[in-house]
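Student: I would like to learn how to read a protein model. Could we go through it together, one feature at a time?

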Amino acid sequence: MRNNHIIAANWKMNKTPQESYNFVKNLRDKLLDKPDVNIILCAPYTSLFYISSFFNSENFDLGAQNMHWASEGAYTGEISPDMLLASSVKWVILGHSERRHIFGETIDEITKKVVRAVREGLRPIFCFGEKLEERREGKTKEVLSGQLSPIIDRFNESDLQEMLFAYEPVWAIGTGLNAEPDQIQEAHHIVREFAGENVRILYGGSVTPANATELINVEGVDGFLVGGASLELESIWKIINCVYNARIRSN
Ligand code: PEP
């Protein structure tokens, strides 16, 4: 995993267990000859256990899209770290902008989740990113630092290297408008300034087969977090191939 490119698919609130099963079965078979790309599939809770048996190869991991920080108790509607681990989940998306802005998750709550995930042996995919008005007001660096430092301050370098950081500008998520290479580089530079050169950073926000090759070649991008384009087998497969070919060319 250390040097491989990574594609994390965020299915959000899409696909029944049976739809997930059919998709993953097909994708797993195709992935066998692409060992240089790591895929993390973040499925809805109801699909996790149902598809868990497919995730037994080195480069194909199961992820969840959220979790609670407590281990059990009176938290109606929530999911604990142990419940995820029992479904063979290795990764968990935390701090996604939809959680921050639709469900009102605070930096404090997200930090508690990240700390808990690491303590329990789950690997966070920590998402951060600025809103359009924050970028327009010249506050991008301030906003990103404010989201990143509560997390980075709590871990040592080796813990930070076990997680993934996903730069996802809010204005690029699901809009068809991807960030420009220099905007991505600037954000990735901020992470490495705080967390060290060796952390792994994904870009997320309207990645498609049409822009994947350009975006994977941006310096410092270790892979993608893909939402909409991960829902169709054909489009995620094209993105995987773009990333794989870029990887082969750079070797
Ligand atoms: C996401 O939800 O993390 C995401 C990047 O979505 P999309 O690819 O659809 O912009």
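**Reading the model**

Tutor: Let us begin with Lys-15, which counts as partly exposed because its relative accessibility is 21%; buried means under 20% relative accessible area, exposed over 50%, and partly exposed in between (1.4 Å probe, protein chains only). This is a predicted model, in which local features need pLDDT of at least 70, side-chain atom pairs count only at pLDDT 80 or more, and totals for chains, interfaces and linings use all residues. Residues are numbered from 1 along each chain as its sequence is written, and side-chain values use heavy atoms, with hydrogens and water left out.

Student: Where does Lys-15 lie, and what is its phi?

Tutor: Most residues other than glycine have a negative phi. Lys-15 has a positive phi, near 85 degrees, and lies in the loop between β1 (5-10) and α1. Helices (H or I, at least four residues) and strands (E, at least two) are DSSP runs, numbered from the N terminus.

Student: Is Ser-88 buried or partly exposed?

Tutor: Ser-88 is partly exposed, at a relative accessible area of 37%. Ser-88 is not a glycine either, yet its phi is positive, about 65 degrees, and its place is the loop between α3 (81-85) and β4 (91-94).

Student: Which residues of α1 are buried?

Tutor: An α-helix has 3.6 residues a turn, so residues three or four places apart point the same way. In α1 the buried residues are Ser-20, Phe-23, Val-24, Leu-27 and Leu-31. Seen down the axis of α1, they fall within an arc of 100 degrees, so they line one face of the helix; the arc is that of the directions from the helix axis to the C-beta atoms. Their cover includes β2 (37-42), α2 (45-51), β3 (60-64) and α11 (233-250), where contact means heavy atoms within 4.5 Å.

Student: How do α5 and α7 pack?

Tutor: Axes are lines fitted to C-alpha atoms, for helices over the stretch in contact, and angles run from 0 to 180 degrees between N-to-C directions. Here α5 (residues 107-120) and α7 (residues 140-152) pack at about 35 degrees, with axes 9 Å apart. On the α5 side, Ile-107, Thr-111 and Val-114 meet Gly-146, Gln-147, Pro-150 and Ile-151 in α7.
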